[in-house]
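I opened the model today and went through its backbone and a few side chains. These are my notes, in the order I looked things up.

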Amino acid sequence: MSDAPKPRKTRAARTDRPAGEDAPARKPVSALTGRLHKLGIYNDADMLLHLPMRYEDETRVVSIREAAPGLPAQIEAEVEHSEITFKPRRQLVAKLRDDSGVIYLRFLNFYPAMQKLLEPGRRVRAFGEVRSGFWGEEMIHPRVLAVTEGEALPQSLTPIYPSTAGLAQAALRKLVLRAFERSSLVDFLPEALRKSLRLAGWERSLRFLHQPPPEASQAALEERSHPAWRRVKFDELLTQQIQLRRAYIERRAHAAASLPAQGRLPAQLIAALPFALTGAQARAVDEIARDLAQAYPMQRLLQGDVGSGKTIVAALAMLQAAENGLQAALMAPTEILAEQHYRKLDQWLTPLGIGVAWLSGSQKKKERAAMLEKIASGKALLAVGTHALIEDTVGLEKLGLAVVDEQHRFGVRQRLALREKVAGRLPHMLMMSATPIPRTLAMSYMADLDVSVLDELPPGRTPIVTKLVADSRREEVIERVRDACREGRQAYWVCPLIEESETLQLQTAVETYETLAAELAELRVGLVHGRLKPAEKAEVMEAFLRNETQVLVATTVIEVGVDVPNASLMVIEHAERFGLAQLHQLRGRVGRGAAASTCVLVYAQPLSQNGRERLKAIFETTDGFEIARRDLQLRGPGEFIGARQSGVPLLRYADLEADVDLIEVAKQAAEELQARYPEAADALLRRWYGGRAELLKA
């Protein structure tokens, strides 16, 4: 793809502003300000941190003959002829000549000022990509500048900044220069620390990135491996770590009920379980128990792969709250998952004399009223539900522990609403995620949390074999489903859409259900999707759990939490359309019993490069942490951290894979700055976040 400027970047004296716009100096201040705000630029510090995405070399001129086809080049020549032609469409064509030859400039979008700039006899410099055209060598929509013979060339590479409609590169360059003139570029890193880390100076690094000398390596600049980039990335990571550390300290300044471990009820539950805790589960239980005993609110993330046993760890934590006379609430993102948690907790805890209440948006008025009374009176020390738990009518004044499952699916406000049920103190918070968070991501974005990791699966979980099958072999897959069910097993068949889509033309859940019901007439086939009423959904799931239905056709509503040990076969339709983490979650619905389990990924061809990478990753490993690492490479951090980060800004420049060494160092340096140089820490927060530093709330 060409690095040459794209069309519609024309202007009178220099053609790198959007066609049809006035010169930047004539723009109303409000319009310019609004466009800068779109780029996240509110002040001079933001302007200087708006760094180039690439560079163009206008520090030298080549003759027309020397300009290599397919590469950007700058020529200087005289306009010999220019005219507007109308074949095949209206365009401005100018013929330029130097001592070595002739080249044509073509503009499909142009204005009278461009015609004037390219009048015969004018001397101009043109920067663009040379290509072969109808008349010979040509440049399409090059950047053009009127010059006099012998006029000096720029002394630095030309930066190309991320921009937005109506904001020209020339305007951004001028704004950067003005910001340099007005700004104090104090280096807030203590000299001893900077030298020990072998980091370049702050002002020198910024000036270098905005105005690199001609001899600078463009590859090192654009790959962000240059020492100047290293300094900027370090400061970005350092500032993030300072903010996260402060959020961590601030939370500990709040009061919470101390819930010391008494051990009686947890011991009774463990003794009644048909399985023993894994070493990882026992370790997590101890870590959480210690946190709950403190007089400040726990803020812990419990992460573990699919089937690693997070629910029993949460149950033991909730029992610790109950033993201290306080309530616990567990909030899950879907009704299927929330109801499954309720059934399991009710089965485990009711025999211990602990009442469990259940709340969902679909409950009938009478049942809901009974549950609300049970919670408000304290008869139910445990409440389980969906978003219904955070409604104003739900009284949880005695809430001691809030557990949020699949935490990345909830927003900051939703988690805050659960906390605000208690007056005068904060409840302890345990967040759970079945999407393992890569180590670098946890270090960078979750540094304000304590983390417990379940890194071993309970015994008895059978390995899942993953197979890739082209959709042309659908009949073989159906036969495989028939064979599994004849052996007494059950199967899922997952589709990405509920109804026909002309644009995507994917196999739909409804159509697949009808096809399988006809093809597998000797079996009972069920259908579940998000548009079913909750009661219907529950009825379908209950029938599948009891093996009254052998094949369950579903959308991703079954992605999390569904636990049917007898299901040993998972078929995922159009697997190339799913995200990597989602594929791993769906695969985890099987392999929950003693029978050998298989996940068949049915894909349509041709595969995109990204689709191929996802399927390759899911085929090669069942390790959730390795899958999370690859998912981070493919998609970036947004999917993992979810809505929690209405606070923490995503990193603009540091790379979680390439710069892992800097994350480690930044974490240590943040503690040193906080302890010894708090003013420098404050200044860094102002520089990077401005008035947006109060970010982490939940």
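I began at Pro-606, which sits in the loop between β22 (597–603) and α20 (609–620). This is a predicted model, and I read its geometry as such. The peptide bond from Gln-605 to Pro-606 is cis, with omega near 0 degrees.

I then went to Pro-88. Pro-88 belongs to the loop between β2 (72–85) and β3 (91–98). I noted both bonds because most peptide bonds are trans.

Next I checked phi. Most residues other than glycine have a negative phi. I found a positive value at His-141, near 50 degrees. Arg-198 has one too, with phi near 55 degrees.

Where do these residues lie? His-141 is in the loop between β7 (137–140) and β8. Arg-198 is in the loop between α5 (191–196) and α6 (202–210).

Is His-141 buried or exposed? I looked up its relative accessibility, which is 2%, so His-141 counts as buried; the cut-off is under 20%. Arg-198 comes out at 77%. Exposed means over 50%, so Arg-198 is exposed.

Which side chains does the side chain of Arg-143 meet in polar contacts? I found Glu-56, at 2.4 Å. I also found Glu-58, whose side chain makes a polar contact of 3.0 Å with that of Arg-143.

I turned to helix α11, residues 310–323. I wanted to know whether its length fits. The 14 residues, at 1.5 Å each, should span 20 Å. The end C-alpha atoms of α11 are 20 Å apart, so the two values agree. I then checked burial: 14 of the 14 residues of α11 are buried, so the helix is largely enclosed by the rest of the structure. Just after α11, Gly-325 has a positive phi of about 80 degrees.

Last, I took the totals. The protein has 24 helices and 22 strands. It has 698 residues, and 55% of them count as buried. I get an accessible surface of about 30,600 Å², with 51% of it belonging to carbon and sulfur atoms. Among contacts with a separation of 6 or more, 76% are between residues 24 or more positions apart.

Conventions
Residues are numbered from 1 along each chain as its sequence is written. This is a predicted model: local features need pLDDT of at least 70, side-chain atom pairs count only at pLDDT 80 or more; totals for chains, interfaces and linings use all residues. Side-chain values use heavy atoms; hydrogens and water are left out. Helices (H or I, at least four residues) and strands (E, at least two) are DSSP runs, numbered from the N terminus. Buried means under 20% relative accessible area, exposed over 50%, partly exposed in between (1.4 Å probe, protein chains only). Contact means heavy atoms within 4.5 Å. Accessible areas come from the Shrake-Rupley method with a 1.4 Å probe; for residues, only the protein chains shown count as cover. The expected span of a helix is 1.5 Å times one less than its number of residues. A polar contact is a pair of N or O atoms within 3.5 Å; within protein, one must be able to donate a hydrogen and the other to accept it, and residues adjacent in sequence count only if both atoms are side-chain atoms.
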